[in-house]
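Have the viewer open as you read.

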Amino acid sequence: MMTVYQQITSNKLVAILRGADPRDVVRIAAALYEGGIRLLEITMNSEAPLKAIEQVAHKLGDRLVIGAGTVLDAGMAADAVSAGARFILSPVVEATVISAARKLGAVSIPGAYTATEIYTAHRAGADIVKVFPATSPAYIKDLRAPLPHIPLLPTGGITPENIGAYLKTGAVGFGIGSALVNTKEPVTGAYLETLKENARKFIQAIQP
């Protein structure tokens with residue numbers, strides 16, 4: 001049985017679901033799963049995020065590893081884990097969130113940009129550091145030169161066309177947002193089919 005950390009570094013693609021209607025979240029998650037996605041982040045600045053996490057965990061928790069994103073304090077981390085989140089992402093380096101996630105048995109993935117921020121997050125106990133925004137594969141490569149021991153998860157602006165270049169930098173995973181899930185469109189049958197196809201494109205793009 002793989003740990004959550006191993007599932008993240010093995011499957012690599014974290015689909016970011018931000019701002020979806022809570023009534024559509026399970027259908028969206030199921031479509032992403034059918035397309036090959038195994039890691040789903042539901043952001044805490046969405047409508048009724050804890051309810052959404054609970055619903056997806058209940059319906060698909062044996063197939064999808066569910067995380068909470070945009071977690072800004074320890075209380076949010078605790079609420080998210082109680083709802084079923086198994087990894088905690090943040091847009092910033094906040095030591096209390098890192099510590100709370102670790103104490104709750106969740107994988108901690110704070111967000112950082114500079115080498116100093118990344119190192120600070122690692123020293124505080126982060127399991128993986130989300131590099132946001134991931135401006136280019138060259139930037140990730142530059143960061144990994146002095147910090148090869150810190151697992152990095154580039155997020156923002158990653159597409160099926162450029163993910164291969166990011167993969168070559170040694171990144172352990174990727175946060176994929178609007179390039180995979182556009183929550184501004186109505187959730188129709190055709191939309192769900194497009195989601196599956198988008199997911200498959202990403203999966204194919206990281207195959208050896």
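Predicted model: local features only at pLDDT ≥ 70, side-chain atom pairs only at ≥ 80, totals over all residues.

Let's begin with β1, which covers residues 13-17. Is this strand buried or exposed? Of its 5 residues, 5 are buried, so β1 is largely enclosed by the rest of the structure. In a regular strand, side chains alternate between the two faces of the sheet. For β1, one side carries Leu13, Ala15 and Leu17, the other carries Val14 and Ile16, and both faces are covered.

β1 has strand β2 (residues 39-43) as a parallel partner, joined to it by 4 bridges.

What about β2 itself? Again 5 of the 5 residues are buried, so β2 too is largely enclosed by the rest of the structure. Leu39, Glu41 and Thr43 point one way, while Leu40 and Ile42 point the other way. Note that Glu41 and Thr43 are on the list of buried residues here.

**The β6-β7-β8 sheet**

Next comes an open sheet of 3 strands, ordered β6-β7-β8 and paired in parallel. Strands in a sheet pair through backbone hydrogen bonds, either parallel or antiparallel. Which strands sit at the edges? Those are β6 (111-112) and β8 (152-154), each of which pairs on one side only. Strand β7 (residues 129-131) is joined to β8 by 3 bridges in the parallel sense, and Lys130 has Leu153 in β8 as its bridge partner.

Helix α7 (residues 137-144) packs on this sheet, where it touches β7 and β8. The direction of α7 makes about 165° with that of β8.

| Helix pair | Axes come within | Crossing angle |
|---|---|---|
| α2 (residues 25-34) and α9 (residues 189-205) | 7 Å | roughly 40° |
| α3 (residues 49-60) and α4 (residues 74-83) | 8 Å | roughly 30° |

Take α3 and α4, whose axes cross at roughly 30°. Angles under 35 degrees count as roughly parallel, and that makes α3 roughly parallel to α4. On the α3 side the contact uses Leu50, Ile53, Glu54 and Ala57, and on the α4 side Asp79, Ala80 and Ala83. By class, the residues of this contact are 5 nonpolar, no polar and 2 charged.

How do α2 and α9 lie relative to each other? They cross at roughly 40° and are therefore oblique to each other. The crossing is right-handed. From α2, the residues involved are Arg27, Ile28, Ala31, Leu32 and Glu34, and they meet Tyr191, Leu192, Leu195, Lys196, Ala199 and Arg200 of α9. That contact splits into 7 nonpolar, no polar and 4 charged residues.

While you're looking at α9, find Thr194, which also belongs to this helix. Thr194 has a relative accessibility of 43%, so it counts as partly exposed. How far is Thr194 from Ser99? The two are 95 residues apart in sequence, and their C-alpha atoms are 38 Å apart in space.

Most residues other than glycine have a negative phi, and most peptide bonds are trans. A few spots in this model go the other way.

- Lys12 has a positive phi, near 70°. Lys12 sits in the loop between α1 (4-11) and β1.
- Ala48 has a positive phi as well, near 45°. Its place is the loop between β2 and α3, and with a relative accessible area of 34%, Ala48 is partly exposed.
- Phe132 and Pro133 are joined by a cis peptide bond, with omega about -10°. Pro133 is in the loop between β7 and α7.

Methods. Residues numbered from 1 in each chain as written. Heavy atoms only, no water. Axes fitted to C-alpha atoms, helices over the stretch in contact; angles between N-to-C directions. Helix = DSSP H or I, 4+ residues; strand = E, 2+ residues; numbered from the N terminus. Parallel < 35°, antiparallel > 145°, perpendicular 65-115°, else oblique. Left-handed = near helix turned anticlockwise from the far one by under 90°. Contact = heavy atoms within 4.5 Å. Nonpolar A, V, L, I, M, F, W, Y, C, P; charged D, E, K, R; others polar. Buried < 20%, exposed > 50% of the residue type's maximum accessible area, 1.4 Å probe, protein only. Pairing = 2+ DSSP bridges.
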